[in-house]
Amino acid sequence: MKSALSVFFNIDRTYMAILSPSKKGLTLDYVEATRNLIDLENVFDPENDPGIQELHKFMDSVQNKINRVTVTIPAESVFVSQFPGQKGMTKEQLNKLVNLEIKQAYPQYNTDEFVSNIIPMEKNIKGSSMMLASIMQKEIIDTCKDIFKDYLPVTNIEVSQLNAHTAFLYNYPESFEKNIMILGVQDQFIDLSIIKNSRPAYYNLLSFSNKEKLGDIIKEQYTSLQEDIIEHIDGVYFFGTGLTKGLSKQALEMAESLGIESGRLNAFRMVESNVDDRQKDYCKIMQHVFPPCIGAVIPAYHERIRLM
């Protein structure tokens with residue numbers, strides 16, 4: 001694997017990490033964040049100019065140190081859906097199913113304005129086979145590529161929650177065969193997914209308007225998911241810019257009461273460090289923000305079918 005710049009266009013700002021291969025896996029060579037956000041859905045808005053200028057200035061300083069660019073898109077800019085399906089389906093069959101999902105979610109758009117990544121999911125407790133689709137507007141894909149057109153090609157674009165899965169599996173190898181609930185906490189929403197035996201088994205987007213209710217949300221989902229989706233849940237890990245110390249405490253206390261393992265998802269737990277002390281301190285503080293960024297440069301542990 002060549003040295004890569006991983007760029008996460010989050011809703012608050014853009015997060016960047018340079019990673020290179022090592023004998024043990026990954027080495028972190030640099031980590032940074034812009035002060036200004038880049039809204040991929042309104043990239044021509046003048047308010048995006050400062051963020052893009054920051055990113056290009058950063059690219060000017062590091063382009064000789066990297067060979068490729070990977071991009072992570074926030075969940076707010078991607079439509080994620082799950083629908084009945086099974087292994088062995090042709091791309092034509094999958095296209096028909098995905099187009100139905102697009103028509104329901106975006107009736108004002110043509111289906112050919114989207115690109116989709118399809119992930120076969122683990123069977124649920126009732127034996128049903130499902131497919132997970134991350135559906136992205138081609139305009140956003142083109143915007144990402146256009147931002148880096150004067151530097152390097154973008155080799156991979158994926159949604160934050162799925163890249164966080166990869167980061168978790170890389171950094172927590174002892175949980176590779178466990179059933180883990182992953183919570184991506186933003187300001188108004190929570191992306192909730194289940195990893196079963198290293199593969200996606202469930203996804204849902206939850207409203208998060210009451211910041212006093214994170215513990216209750218974990219308990220409710222823990223109970224209902226074991227009734228309908230999965231035999232048991234071994235742990236819960238959480239990440240995201242919306243995760244404050246108070247919310248972390250809520251989540252940890254609830255997990256302890258449920259008797260399951262838990263923690264902030266540490267993006268750098270098994271990543272070797274080649275950064276200075278200032279950046280090491282930054283990584284300790286921001287370990288729960290960078291999982292999508294770190295996961296983007298690692299080959300996914302699950303099967304992925306790309307549909308145009």
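**View 1. Residue N171 sits in helix α4, which covers residues 160–171.** Helices here are DSSP runs of H or I with at least four residues, strands are runs of E with at least two, and both are numbered from the N terminus. This is a predicted model, in which local features need pLDDT of at least 70, side-chain atom pairs count only at pLDDT 80 or more, and totals for chains, interfaces and linings use all residues. Residues are numbered from 1 along each chain as its sequence is written, and side-chain values use heavy atoms, with hydrogens and water left out. N171 counts as buried, at 0% relative accessibility; buried means under 20% relative accessible area, exposed over 50%, and partly exposed in between, with a 1.4 Å probe and protein chains only. Setting aside residues up to four places away in sequence, N171 touches N266, A267, F268, R269, M270 and V271, where contact means heavy atoms within 4.5 Å. A polar atom of the N171 side chain lies 3.0 Å from the backbone oxygen of A267.

**View 2. Residue I230 lies in the loop between α5 (214–228) and β12 (235–239).** I230 is buried, because its relative accessible area is 0%. Beyond its neighbours within four places in sequence, I230 is in contact with I125, N179, I194, K196 and L225. For a sense of distance, look for G184: I230 and G184 are 46 residues apart in sequence, and their C-alpha atoms are 19 Å apart in space.

**View 3. Five strands form an open sheet with mixed pairing, in the order β11-β10-β9-β12-β13.** Strands β11 and β13 (261–264) are the edge strands, each pairing on one side only. From one strand to the next, the twist averages 15°; axes are lines fitted to C-alpha atoms, for helices over the stretch in contact, and angles run from 0 to 180 degrees between N-to-C directions. Two strands pair if DSSP finds at least two bridges between them. Strands β12 and β13 pair in the parallel sense over four bridges, and V236 has S262 in β13 as its bridge partner.

**View 4. Strands β10 (residues 189–196) and β11 (residues 199–207) run antiparallel, joined by eight bridges.** Which residue of β11 stands opposite D191? Look for L205. The hairpin of β10 and β11 has two residues between the strands, and N197 takes a positive phi near 50° there.

**View 5. Another open sheet has four strands in the order β5-β7-β6-β15, with antiparallel pairing.** Strands β5 (79–84) and β15 (305–307) stand at the edges with a single partner strand each, so one side of each has no neighbour in the sheet. The twist averages 25° from one strand to the next. Six bridges link β5 to strand β7 (residues 130–137) in the antiparallel sense, and S81 has A133 in β7 as its bridge partner. Helix α3 (residues 138–147) packs on this sheet, where α3 touches β6 (114–120) and β7, and its direction makes about 60° with that of β7.

**View 6. The largest pocket has a volume of about 240 Å³.** Among the 19 residues that line this pocket, the closest to its centre are E41, Y109, Q137, E139 and I140. Strand β7 and helix α3 from the previous view each supply at least two residues of the lining. On a 1 Å grid over the protein atoms alone, a pocket is an open set of points where a 1.4 Å probe fits, with protein on both sides within 12 Å along at least five of seven lines, and lining residues have an atom within 4 Å of a point. Grid points are joined across faces, edges and corners, and a volume is the space filled by probe spheres set on the points.

Conventions
A polar contact is a pair of N or O atoms within 3.5 Å; within protein, one must be able to donate a hydrogen and the other to accept it, and residues adjacent in sequence count only if both atoms are side-chain atoms.
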